[in-house]
Structures are given as structure tokens and as C-alpha cells.
Amino acid sequence: MESAEIARRFLRFFEERGHTVVPSASLIAEDPTLLLVNAGMVPFKPYFLGQQKPPYKRAASAQKVVRTLDIDEVGKTTRHASFFQMLGNFSFGDYFKEQAIPFAWELLTRPESEGGFGFPEDRLWATVYLDDDEAADIWRKAGVPQERIQRRDLADNYWHMGVPGPGGPCSEIYYDRGPEYGREGGPIADENRYLEVWNNVFMQYQLSAVRTKIDFDIAGELPAKSVDTGMGLERMAAILQGVDNIYEIDTTYKILDRAADLTKTRYGRDERADVSLRVVADHVRTGVMLVADGVLPSNEGRGYVLRRILRRAIRNLRLLGAGEERYMHELTAVTVEVMGEQYAELKADAPQIHGVIDAEEASFLGTLRTGTAIFDVAAEETKRKGRATLAADQAFQLHDTYGFPIDLTLEMASEQGLQVDEEGFRRLMKEQRDRAKADAAAKKTGNADISIFGTLLEKTGKVEFLGYDHVTAEAE
Ligand code: ATP
Ligand code: MG
Ligand code: MG
Ligand code: MG
């Protein structure tokens, strides 16, 4: 089943059950506390918070999302993409878990010929929050035997926004991919074998204080209970297309395959090269989707997320032996073609998308050319001295003189089995900033403005999924 068809089926199923189908919002979040939309519920947040009255009681969407927190997982796990699509059904004070769970079960197990996804019942597992007997009962009634319903604690099966507001237990659905993917024993034992495909959040409580993900106070029940769900389209595609991971599904594999062709690499021969091919395919796709939504590479905010993603793709192409060749144009073209099936606007915007990505490639290749030579000398010297850590001043020089972002230095060092004195690096960065401030209080320097992130962090507290670390580190 093609990716586009998975989205169509999901939306049709919920449309037939009284949900209004709402088009995906842009990846650029309207929400000022977020850089990029990272979940299907984000555009509906004002409804859940009671700040706006929803024009419908039930909605369904296929939302584009980017998760910076997952960038480092890409290519290494079988299930984490940096851009993916979250299919979701939402109830704003309408139905609650008694209906959400049977909806989910029906859609997953209904035969393909009748509009469902045709999963064999005995492949499905559910998790519920420790004390959520209600959800466990509903699952049992729906047809899941006791032994395939597992209980998990706050860290895994409770949702809130990291700030006072709505929260509640969630229930996740896992597909058993079989013994060749890992240990038996359900999702608690192995999240690779048991692939999480769908999360159902039951918003039920008003949280008054949130100290950490697992430490908060419940002030009482919400006046209206709501449901927010998120199903990973790419994970569904991996199962329905019978492939091992989300980088080998219809949309992503064509990009991966072209990258392999261009770099004359055979996929499936060598794990390191495979990881690079997956990173390239994933990141080009994410880059294209971000540019299409109007993000431009820069040294701050979402522009930096984009820059980091594009540069990582470009560098992984070097690891695959691309040398001085420029391959981003062709990879962008395939991406526009495959993603254009679901997002027709990509085709019209192709010239603009190419322009942005080609320019970033040209400028980064220049940086890489000089910086890599300097890095190699520094790494060599470090090893010769019998040290395991690249000195702070070397990382700083790479950044300051050659424009090497610290995470690039970290990544390259780790490929050589080296660490980097990151703390020392940050100290040098801070000293430089302080000097610049003192030197020229009047003369505005070209330092990127990172104050916005400080402000965001203050406002939102630690919001786990944003990856502020990377952003602030780089904006320095
Ligand atoms: P995981 O535990 O596998 O990291 P999650 O619990 O972080 O997933 P949720 O926040 O519950 O994921 O998101 C809802 C759904 O979105 C998941 O059930 C999964 O199907 C999908 N999903 C989450 N993260 C990714 C990702 N990085 N790439 C692809 N799909 C994802
Ligand atoms: Mg996750
Ligand atoms: Mg999970
Ligand atoms: Mg989850």
C-alpha cells in the first residue's frame, strides 16, 4: 500500500465517522513556543487549551512534522525520521477513550478490501498507563487479550505539554514484526521488534504545576475530556510495504536509491555506508519539505535546523565518496517527484527549492574543503600525543576561522574515536562573546541573536522535544 493511500484511508475512515478532515498546517508553527510543528495536535492546541472554540467536535488530519530531537537517531534505528507525517483523529470534548480505542482497533484490523489496514489481530499489542484500568478494559473488550496489554509508567504513558495545562494518560499501539526483529515479551521488552505505530492520548486532567516529565501536580478534571492521537504514516508504510525500516518505504527509498547510484554505493553491504545512505535520504526529504514551507538556511532558529539537516546530508555524501561532486540537485529533484504525489505544490515550487538547496551545498562544500584539512591535522596530532580528546582551542579555531559548526566537529571526531572538549569550547565561545560585547557596545557585531531561545526557554521551561541544545549551541 502506497504512502499516499495510507493517508487517504486513514482520513476517509474518520471522515465516515463524523470527523472534519483538516489539511496539514505548515511546518512553521504559529505557536510561538515552538520552532517547528512536531506533532499532529499542534495546530489544534488552542482548542485543547480552551483558548478558542473549535468549529467542529471531531477532526482528522495528516500533519507534516519535524522532530529535531530525533535527528541523531536517523539511520541508526529502524523507526526514526526527522520529517514524518502524523495521521491523527481528534475529539474536542466529544468522545473519549471508550470510542477512541475501538476506532483504532477497527481501522487497524479491518481488511484492506474494506478500507482498513488489515493487520492480523494477534500482531497487535497495547500499552496503557499503570492505573488506567478503564483503557485496559476497553482494549480487552475490543479483542486484545490480557497478555498483550502492558502497563507503563509516567515516563512512557503519560502526556502533558511541559507546562501547566491539559494532561492525561495515553495508550500506545504496537505491531509485532516477529522474532527476526528482536526479543519477545511485548513493547516493554523490545521497541524494535514491537514497532510503535499509534499513540492515543486521553486529555483528562488540569495540571497545575509541571516540574519534570514525571513530576507534576493534578489540580482536577478538565471540564471536557478530549482525545489526541498520532499515527506514524511512515511506520505504517514500512509494515504494509513489508520493508525493514522507514527509510526503505516508497517515498524515501527512491531518494536513497538515487544517492546510492550517484555515489556508486551498494545499499545493504556495509552498515556504515547504509547509515549514511539513510541519513542522506531522510535529510534531503526533510530539507525539501522545510524549504517548501518557506524556511531558509540561517544561523538561528528554524533556519539553523534546516542548515544543520542539509549540511549533514551533504557531509554524509562525502562519507559515501562524493568528493567534489554536487549531488543535492538530483536528490532534490527525486524528492520533489516522490513527495509531489502528496504535496502537489512542491512541483510548482521546485525552482525555488533547488535554488536554496544548491546554494547551501555550494557554500558548505567550500567550508568543508578547508575545514576538513585542518580537522584532519588536529585529529592526527591529538592521536599522536596519545590523547582521546580534541582540545578546546582546536574546536574553537575550526569554528571561528573555518566556520565549522561544533556538531560537525563532534561528529567527525567521533568517527575517529575521539571526543571533544566541549565545555572548554563553550568557555572560549563565551569569552569571545564577552570580548565582543566589551569591545564594541556601540558597534553592533555580526553575532547571531540567540536571545530568542533564552526567552523561549524561560517561557516554556524544558520542552523535551525541541532540541534547543543544538540550536543554541550552533547559534553561538
Ligand atoms: P518512539 O517511542 O518510537 O520514539 P514516540 O513515542 O516518541 O515514538 P509519539 O510522540 O507518541 O512517538 O508520536 C506518535 C506517533 O508518531 C508514534 O506512535 C509513531 O508512530 C510516530 N513517530 C514518532 N516519532 C517518529 C519519528 N521520528 N519518525 C517516524 N515516526 C515517528
Ligand atoms: Mg520518540
Ligand atoms: Mg514511544
Ligand atoms: Mg509514543
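Predicted model: local features only at pLDDT ≥ 70, side-chain atom pairs only at ≥ 80, totals over all residues.
1. **The shell around ligand 1.** Ligand 1 is surrounded by 17 residues. The closest are H80, F84, N199, G230 and G232. Elements giving two or more residues to this shell are β3 (83-91), β8 (194-212), β9 (215-232) and α6 (233-240). β8 supplies the largest share, with 4 residues.

2. By class, the residues around ligand 1 are 7 nonpolar, 4 polar and 6 charged.

3. **Helices α10 and α11.** Helix α10 covers residues 328-339, and helix α11 covers residues 345-384. Their axes lie 10 Å apart, at an angle of about 155 degrees. Angles over 145 degrees count as roughly antiparallel, so α10 and α11 fall in that class. The crossing of this pair is right-handed.

4. **What α10 and α11 bring to their contact.** From α10 come M328, H329, T332, V336 and M339. They meet L346, K347, A350, I353, H354, I357, D358 and E361 of α11. The contact holds 7 nonpolar, 3 polar and 3 charged residues.

5. **Helices α3 and α4.** Helix α3 spans residues 97-109, and helix α4 spans residues 133-142. The two axes come within 9 Å and cross at roughly 40 degrees. The pair is therefore oblique. α3 passes α4 in a right-handed crossing.

6. **What α3 and α4 bring to their contact.** On the α3 side are K97, E98, I101, P102 and W105. On the α4 side are E134, A135, I138, W139 and A142. These residues divide into 7 nonpolar, no polar and 3 charged.

7. **S82, in the loop between β2 (58-66) and β3.** That loop is the place of S82. Is the residue buried or exposed? S82 is buried, because 27 other C-beta atoms lie within 10 Å, and the cut-off for buried is 20 or more. Beyond its neighbours within four places in sequence, S82 contacts V66, R67, D70, I71, V74, D282, H283, T286 and I309. As a distance check, R318 is 236 residues from S82 in sequence, and their C-alpha atoms are 20 Å apart.

8. **D421, in the loop between β11 (419-420) and α14 (422-439).** D421 sits in that loop. The residue counts as partly exposed because it has 18 C-beta neighbours inside 10 Å. Setting aside residues up to four places away in sequence, D421 touches T389, L390, A391, A392 and A395. Y95 is 326 residues from D421 along the chain, and 53 Å separates their C-alpha atoms.

9. **K264, in the loop between α7 (250-262) and α8 (271-292).** K264 lies in this loop. Which backbone feature deserves a look at K264? The phi of K264 is positive, about 50 degrees, although this residue is not a glycine. Most residues other than glycine have a negative phi. K264 is exposed, because 9 other C-beta atoms lie within 10 Å, and the class takes in residues with 12 or fewer.

10. S82 is buried. D421 is partly exposed. K264 is exposed.

Key
Residues numbered from 1 in each chain as written. Chains lettered and ligands numbered in written order. Contact = placed C-beta atoms within 7 Å. Near = placed C-beta within 6 Å. Nonpolar A, V, L, I, M, F, W, Y, C, P; charged D, E, K, R; others polar. Axes fitted to C-alpha atoms, helices over the stretch in contact; angles between N-to-C directions. Parallel < 35°, antiparallel > 145°, perpendicular 65-115°, else oblique. Left-handed = near helix turned anticlockwise from the far one by under 90°.
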